[in-house]
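Me: Hi! I'm new to this one, could you walk me through it?

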Amino acid sequence: MRPVLQLAIVCIWPLHLLVAEPATQDQEASEKSPLPPVRTAIEVSATRQNVQLRDHFDQLILGGQVFDGTLAALSNARLESSLGGSFALDSKNLAGLAGGGGTGRVHRAYFRDGTVLSGKLYWDRCAFESRQMSPLDLHPDSLEVLFLKNSGEAPTIPPGRRSLALEAGHQVITNPAPHATITLLGRWGTIRPPLEKIRRMWQTLEPTPQTWVELTDGAQLNVWTIRWQGDVSVQGESIPIDERVLAAADSWENLQKLLSTEHHVLTTPSDPGRPAIQLLDGSSIPLATEIPGIKFRDSPSGAVVRGEALTRITRVSPLAPPTFEFAGTGGLLTRGQPSAPVLKARVAGDPLALPWHLIQEVTFPAPAKSSP
Amino acid sequence: MTRLPIYCLCMLAAFLAYETSDGAPVPAMVPFSQTPITDRHGREWNIDQNGNVQRSDTSPSLISNAAVLMMGSQQFYCQQPAISSDGTTLEMAVPKPYHGLAVTRHLRILDKEGGVAYADVFSNITGREVQTVVEFRYHFSGKIKRLVTSSGRTSPTSLDPGDEGIFIEPAQNDSNLPAVVLSLTDEHTEATPKMSLRNGYQLSISHTLSIPPGGSSTIIHAVGQTRLDATGEVDAFAQNFRTWRLKRIAQMLPKRWTESAVNLVVESPLNTLKEWFPAQHWGIGRDASDILALGDETRLKGRAQISGLQLEHALGKLMIEWDQVVAIAGPSYLSTDQPMIWLADGQILKGTLTANEPKFEMLSGTSMPLDFDKMDRLVRGTTHGPPEGIPDPAPEGLIELWSGERISISPDMEWKTLSRWGPLAIPWRSVITWVHSDGMELAPMLVLRDGSRIRTIAQGSPSPFQTRLFGKQSLNPAETRRAIHPTVILAEVGNDLEPAESFLELAGDQRLVAHVTDTSLTIATAGGPLTISPGEIREILDTTDDRNDSTAGDLRWHQVELWGGSSVVGQLQNPVLTVEGQGFSWTIPVREIRRVVNPVPRIETNVVQRVAELIQHLGHADWKIREDASAELAELGPLAQASLRQAIRQSTDPEVIRRLEALLSLDE
């Protein structure tokens, strides 16, 4: 039996383990050291609680103490998921369980493939045997945390697939259906890119809560809401869900960074010289299509700036309607208000009509040098 | 010299507080003798009687003498400075006016940020306009490594438009010192202060002021100390400066300090109304006569004679009474393809204008035809339209489109919008304004009459709008720039008191009048988990930033005050709270919630029963039972108030009445 060290930190997967013992210097040192490579949510949780997962025995947290032993029985166990649906629980596929801890908190099931679901646990019998104490029958409402022994295998996410954390209780989906629909809604409109075109997404809180999405084509979008509609598959059972997304990444490690304050480590800085459309909300959209000729409001006769002659469009007035400066080859420099309300672009293959009032700057590719 | 941490000074506040006319408590001012004040970062602020920050004896700092106010060659001088009883605010005034200007310095200690904010007020007490240059000098004790602007521009020789402040980095051999940061101006102000650096030790910032007779101009600024990102990357400066943006700092200052600020654009719904009519930004003052402008200099006075005025608008055709017109601008002036017309009810409409032989007759008698498609600007005389530039009677709702048009909408319609937590459909009558933030980097703010401020975006397919002139129309919400409810703005702007109902404060300066509907909240405390009912809560305050606990992960720290006087510190375990308000029920992530307030207790049934029982005991034959009942009722405090008031109206027993009066007076 070992005491669990006092946690000044509480992990992103709130397991709510609280022990009224002072933190030790060793523990403080370990908190400051980088986390070891993590593979599953339960490993993250265990690391944060200074519990090392074992290869040959399970560990039960009880009253602030760690008991080594074995999960002797887990019969007819299931999780009634808060997302809807019921999942049968098999100890072979489980990395850990967190019950109500006697406080009425939500229950969680940690799967070996990295999935974390919350809801309510049920079982006919769950027994833990340890040499340090009599066999225990565990009840879902009183169970604190049960760490199951290492499987020895790290979950892998197939290429192109993404690991998602949902805003609802930070639940993690590692095996979303490939045809799941992600709806990104921003001030610039709505797009529904396929999951594999989303490189990562994360949230920031200041100066106001904002969600950012980076696409595989380099676009960085300031997104107002993100909904994920699709199936979650756990142990062969799947349920359709429709939830807000908190973060997404192509690996577990990256997902964890995006959920922490380290999100900036992963974000790709935008290249200021790259042809792109910069929006006032901070979004950057690669200029993937040719800009057609731009007609001005004050030119009813039809004066048009040719798209291929442009090198840069810059907003110069925030008033309504906004005025832009158009710079181009051959000394082209003029100011005006585009007569069309939107600039058409494409993002992740989806057409997007960007209102001019949201545009800060458009940078065009450098014109090809003419042959001598 | 005694050094007082700011929390010690706060303890005096309870004894010396008084109230303003609107009921908001304001600490009393007491004489100030130079005493260093320590912020929560442990840095000492040694402020002298003139408001200058002097070198500290104990806190290593670049600052030698900062924020010295110079008016010409004369330095601001104050004989008797005052400090608020809570130690956060100082006030200093010149004993006699300087060149017709009464000058007052207001200072506020930025305890959390580690700095001092200034509101320097210059009041013109003469009968003529006063123009002057005021200068702020900053002397530094160590060699400066370099200056960096708030946008990351290094070694500037002057400030560019958009530069909001400056970092002063210590030299390499003083790299243990914090950098000094100066908040100088708001990026949206038109005038940029001038800057000069002398000898590598003295920085000077100067502003030019033009103050009308009887008017005041205020310069808001701040000096702080901060640790800079070791990488020195451009983004790191911009990131650090977010804390020091003048607009943010101004939010921590009393409104009366910032009202006349010349280096700060105060975003007010009323401003949108003042800029309603073109006279101001057309540069044409209104007159008794109509004025026809031709170019920048020609102004013709006379009378426009127009009948049968018709507007062919994209939403339909209209006949417009000439008496309703305030101004017309032609396409050549507006750089648009059609003229625009300003109406007395506040609308601005664009379309093709036609009339029966329109002409302009000058006072001299010369008459000339008017061509709406070629004309410049026509402003009608003050006999038409509101004299102060505000529509009278003001319309009950106006939307402004990105095209510049403003269209009057029916007050009976619903305003449909989208918050981060879900859609919101709200009766227009409940709306004050929906307006974009400066720079548009943040989502627009919807301000409601109940005190809510919610960031929402206009999204979705074209939805029906009930307009007053064009009837039911379909408008794309993304084309809407802002919406205002002028009659409500006139009544309520500036009246931003906390709601009397339950509300939440959220990240992004949002406030939601709503109550928590979760059945229980679990708070992890040092002594173990505690489950409480939302009805017991008087206030939950997110204290994560104050604790500066970088290891807290995604769970935040909270201080919870309960009705009845208990206090709990811990981490709220619920990942989301479910809240219900007018027309919505949303789940909101706890990490976005900064404060939850229940101004009125929601009293559990068992408490009500116990209070009733204790009130009965107040008339008990046994003196000890009467005393115990009084004591327990006093402990229950606000939870018993409603029952006590009811009991005092019904009771006839003199002793019970006396005891009830004593209990009620405890909470007054």
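Me: Where in chain A is confidence lowest, and where is it highest?
Reply: In chain A, helix α1 (residues 25-32) has the lowest confidence, with a mean of 35, and strand β9 (residues 125-130) has the highest, at 94. The score is pLDDT, the predictor's confidence in each residue, from 0 to 100. Helices (H or I, at least four residues) and strands (E, at least two) are DSSP runs, numbered from the N terminus.

Me: Which residues of chain A have a pLDDT below 50?
Reply: Residues 4-38 of chain A do, and beyond near neighbours in sequence that stretch has 80 contacts in the model. A contact is two residues with C-beta atoms, placed from the backbone, within 7 Å. Where pLDDT is low, the predicted coordinates should not be read in detail.

Me: And what does chain A average?
Reply: A pLDDT of 76, with 73% of the residues scoring at least 70.

Me: New topic: is strand β30 of chain A buried or exposed?
Reply: Strand β30 (residues 359-363) of chain A has 4 of its 5 residues buried, so it is largely enclosed by the rest of the structure. Buried means 20 or more other C-beta atoms within 10 Å of a residue's own, exposed 12 or fewer, and partly exposed in between, with C-beta atoms placed from the backbone.

Me: What does β30(A) pair with?
Reply: Strand β21 (residues 276-279) of chain A, in the antiparallel sense over 4 bridges; pairing takes at least two bridges found by DSSP. Ile277(A) stands opposite Val362(A) of β30(A).

Me: What does Leu343(A) touch?
Reply: Setting aside neighbours within four places in sequence, Leu343(A) contacts Leu354(A), Trp356(A) and Ile359(A). Leu343(A) sits in strand β28 (residues 342-347) of chain A.

Me: Over to chain B. Which residues of α12(B) are buried?
Reply: Ala629(B), Leu633(B) and Leu636(B) are buried in α12(B). Down the helix axis, the buried residues fall within an arc of 55°, so they line one face of the helix; the arc is that of the directions from the axis to the C-beta atoms.

Me: What do they pack against?
Reply: The buried residues of α12(B) pack against α11 (605-617), α13 (638-650) and α14 (654-666) of chain B.

Me: And the face turned away?
Reply: That face of α12(B) carries the exposed residues Trp623(B), Lys624(B), Ala631(B) and Glu635(B).

Key:
Residues are numbered from 1 along each chain as its sequence is written. Chains are lettered from A and ligands numbered from 1 in the order in which they are written. This is a predicted model: local features need pLDDT of at least 70, side-chain atom pairs count only at pLDDT 80 or more; totals for chains, interfaces and linings use all residues.
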